[in-house]
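Thanks for coming. I will go through one model this morning, starting with a helix and ending with a pocket.

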Amino acid sequence: MKGINDMNERFQSKDFVSDLESITRKNITEITENDLNKIERIVLNCKNYDGTDKDYNLADLANLKNLKILSFSKFKFDREDIEKINSFSQISFIDFDFCEFALSDFNFKSHVEYLTFYVCKGLELNTLNNTKARKIMIVGSELEREVIDILDLKNAENLMELSLNNFYIKNIDKLLTVAPNINSLNIDGSKLEDNSKLDTIKI
């Protein structure tokens, strides 16, 4: 089977190639299609050790046909980036760590079942409207403890598990109104506008 370098301009990012070499423990000239098909998880960090930016092209992810778990660290995303990620129908779990967003909503398709966000900027609960994910975890900064209003989460009929950590949460008693099928709630590290309202949630 031919190596990747025999395929004309297969990858657009040298940093992505470097990641593939690290995962497969092979030189790019030795990596085969079979090697790529074995990759089910990849972690992309947009920063080098010296703090400079890496140069990733999300289109390169299309080469990983069996990729299921995708993790991003320190990326900046806009609408076009999310649409590109949304086109990879094999991905079911996406993790965003210290990322920054400039978009009005994610609107991920139903194949994205699990979303996690760890101390991200530009992330509002209403940007997850219409997202079909079954599990969502959002971890905020312990120092900032931003306000989250449960009523900002709409059209969350598919949502079954929700974690909101290190926030100040308003309208927690409305959770079943916006997410009627939820069966698990984790609010570790968060504070509630009214603690007594938590008793009204029967999940």
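**Helix α1 and the rest of the model**

What covers the buried residues of α1 includes α2 (33–37) and β1 (41–45). Before I go on, this is a predicted model, where local features need pLDDT of at least 70 and side-chain atom pairs count only at pLDDT 80 or more, while totals for chains, interfaces and linings use all residues. Residues are numbered from 1 along each chain as its sequence is written, and side-chain values use heavy atoms, with hydrogens and water left out.

Some terms. Helices (H or I, at least four residues) and strands (E, at least two) are DSSP runs, numbered from the N terminus. Buried is under 20% relative accessible area, exposed is over 50%, and partly exposed is in between, with a 1.4 Å probe and protein chains only.

Overall, the protein has four helices and twelve strands. Its C-alpha atoms fill a box of roughly 65 × 35 × 25 Å along the principal axes. Of the 203 residues, 42% are buried. Taking contacts (heavy atoms within 4.5 Å), residues 24 or more positions apart account for 46% of those with a separation of 6 or more.

Back to α1, residues 14–24. Which of its residues are buried? They are Phe-16, Val-17, Asp-19, Leu-20 and Thr-24. These cover an arc of only 155° around the axis, which puts them on the same side of α1; the arc is taken from the directions from the helix axis to the C-beta atoms. Lys-14 and Ser-22, on the other side, are exposed.

At the start of α1, a side-chain oxygen of Ser-13 comes to within 3.2 Å of the backbone nitrogen of Asp-15. Just after the helix, Arg-25 has a positive phi of about 60°, in a residue other than glycine. Arg-25 sits in the loop between α1 and α2 and is exposed, at 78% relative accessible area.

Next, Asn-86, in helix α3 (residues 79–86). Is Asn-86 buried or exposed? At 10% relative accessibility, Asn-86 counts as buried. A polar atom of its side chain lies 3.2 Å from the backbone oxygen of Asn-107. Leaving aside neighbours within four places in sequence, Asn-86 is in contact with Asn-107, Phe-108, Lys-109 and His-111. Asn-107 itself lies in the loop between β5 (100–102) and β6, has a positive phi near 50°, and is partly exposed at 36%.

Now a sheet. Three strands form an open sheet in the order β8-β10-β12, with parallel pairing. β8 (147–149) and β12 (191–192) are at the edges, each with a single partner strand, so one side of each has no neighbour in the sheet. Strands pair if DSSP finds at least two bridges between them; two bridges join β10 (residues 168–170) to β12. Ile-169 stands opposite Leu-192 in β12.

Last, the largest pocket, with about 490 Å³ of space. A pocket here is an open set of points on a 1 Å grid over the protein atoms alone, where a 1.4 Å probe fits, with protein on both sides within 12 Å along at least five of seven lines; lining residues have an atom within 4 Å of a point. Of the 29 lining residues, the closest to the centre are Cys-99, Val-119, Cys-120, Lys-121 and Gly-122. β6 (114–118), β7 (135–139) and β8 each supply at least two lining residues. Which of the strands gives the most to the lining? β8 does, with three residues.

Conventions. Polar contact = N/O pair within 3.5 Å; in protein donor to acceptor, adjacent residues only side chain to side chain. Points joined across faces, edges and corners; volume = space filled by probe spheres on them.
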